[in-house]
Amino acid sequence: MTNATAEAPALVVNDVWRSFGGVKAVNGCSFEVKKNSITGLVGPNGAGKSTMINLISGLLPVEKGEIVLDGEHLEGHTMDAISRKGLIRTFQVAREWPKLTVLENVLAAAPAGNREAVWRSMFGRRALARQEAVLEARARALLVRLNLTAVIDIPAGRLSGGQKRLLEFARVAMVAPKMVLLDEPLAGVNPVLGDELARAIHGLRDDGATVILVEHNLGFIERNCDTVIVMATGQVIGQGSMQDLRTNKAVVEAYLGQA
Amino acid sequence: MTENSQSMLVAENLVVGYGGAPIVRGVSVSIGNGETGCIVGPNGAGKSTALKALAGVLRPISGKIMFDGADVTQLSTDKRVARGLGYVPQVANVFATLSVLENLQIGAHSKRHGTNERVELIWDLFPDLKPAHHRPAGTLSGGQRSMLALSRALMAEPKLLLLDEPTAGLAPQLELQVWDHILAIRDRGIGVLIVEQNTRRALSNSHSAYVMVDGEVAANGSGAELLDRPDLVEMYLGGH
């Protein structure tokens, strides 16, 4: 943090455009995300936040502009290729394998590279066992951290909404990504789990990831983010602390409208 | 607030949810006869959920809803519409495969007589719809659709209309047009309770206004009073 100006940003979004029919959803959007930060991305309904993270994660192709992760261009790549470059996203509705146990779900999330290594080591059973033991130890440690040890052998389909969300964090952490995009992690989750989710988000950052957090709950954003980017009508209209943003005329207008 | 004798709609201590923790937690609302009221507030505050309970789409967990002097808490949406409490949902508010005219006729199903006269009144209020009367509703533009949804609700001769974000997704110019129509409806003596994203516009057009935050009413008063409240920004952007 002290050296922030000298360090290259984790993510650079430069003049990105995307429209649907005649609607310009993302409209020349530019911003930078500091390495190892937790950065909030907020804005009123229809601001273009979801489109923006769909563009960053490769779910939608960009029409124009650049998206650069740690020096590597992401635009034009598929979601798969982008996740292999170290950028993982979550969705508003948590996705799990309902019939696999919680532990198996986390193990299944281990990056493809590792799994191939496991596969190759079929030639040596001891090597395979070692590999598996390493992955399993990592998975179990993550589940301890996320308070899911009590349900470790239960099929994931039987978890509560909040537990599914925590499981998703374990699956993301298993990949050890450079960057995580969290799309409304509080959506549909009992408010009492908010603190636990916050701890999980800080855990991802402590492991070295940079986190972008899209969330409507601005209190949660204020408590957990280092900096906040505000979008409206497809562009960035402000960036800073929530305290600064509350006195930013453009931001206030975007939220309250014009009479 | 308006006195009880003059109130068209009074909801007391509504608690509404979808099975888990309640989304709306003890909300009270009162709209006078022929008044314009609004419920505003940040995303996820529970505005639309509260409106759905008022319309009878959701049954409240607890609380009481009085409309036009009668307790309607246990009545279905249909029965509330028949008593004059109209509701225009945010989506799926027109029959896409039916023509504009057929949509209007269906809107009048609770009334035995006078459908044609009321259609004429609609052409009067919404002149843009008349030339499109034979077109399937699904082929209308967003603005026209929003107008048709309003007209359809008017066909049942409501005393009060509940509108869930009628300007959502519309270009700013169309948003203004829809507001013009809402004000025209009010000028005919029909009350309106609107859930709206554009807080300042809603407040500047409302007699009674409610700001909902996190399932509760954080502030209420006349629209003009609330527009002047210095803490209005904090209700949306946090702080304190």
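## Where the chains meet

In this predicted model, 20 residues of chain A are in contact with 17 residues of chain B, contact being C-beta atoms, placed from the backbone, within 7 Å. On chain A's side, α8 (218-224), α9 (242-245) and α10 each supply at least two of the touching residues. Helices here are DSSP runs of H or I with at least four residues, strands are runs of E with at least two, and both are numbered from the N terminus.

Nonpolar covers Ala, Val, Leu, Ile, Met, Phe, Trp, Tyr, Cys and Pro, charged covers Asp, Glu, Lys and Arg, and the others, Gly among them, are polar.

## Ground rules

Residues are numbered from 1 along each chain as its sequence is written, and chains are lettered from A in the order in which they are written. Local features need pLDDT of at least 70 and side-chain atom pairs 80 or more, while totals for chains, interfaces and linings use all residues.

## The sheet

Chain A has ten helices and ten strands. Six of its strands make an open, mixed sheet, ordered β6-β7-β8-β3-β9-β10; strands pair if DSSP finds at least two bridges between them. The edges are β6 (87-89) and β10 (235-240), each pairing on one side only. Neighbouring strands are turned by 20° on average, direction ignored.

At one end, β6(A) runs parallel to β7 (179-183) over three bridges, with Ile88(A) partnering Val180(A).

## Helices on and beside it

Helix α7 (194-206) of chain A lies across β3 (38-42), β7 and β8 (210-214), at about 150° to β8(A). Axes are lines fitted to C-alpha atoms (for helices, over the stretch in contact), with angles from 0 to 180 degrees between N-to-C directions.

Helix α6 (161-174) packs against α7(A) at about 5°, axes 10 Å apart, so the two are roughly parallel (under 35 degrees). On the α6(A) side the contact includes Leu166(A) and Phe169(A), and on the α7(A) side Leu197(A) and Ala200(A). Overall, this contact has seven nonpolar, one polar and two charged residues.

## Chain A as a whole

A compact globule of 259 residues would have a radius of gyration near 18 Å, and chain A's 19 Å agrees; the radius is taken over C-alpha atoms, and the rule is 2.2 Å times the number of residues to the power 0.38. The C-alpha trace spans about 65 × 45 × 40 Å along its principal axes.

Technical notes
Two residues are in contact if their C-beta atoms, placed from the backbone, lie within 7 Å. Angles under 35 degrees count as roughly parallel, over 145 as roughly antiparallel, 65 to 115 as roughly perpendicular and the rest as oblique.
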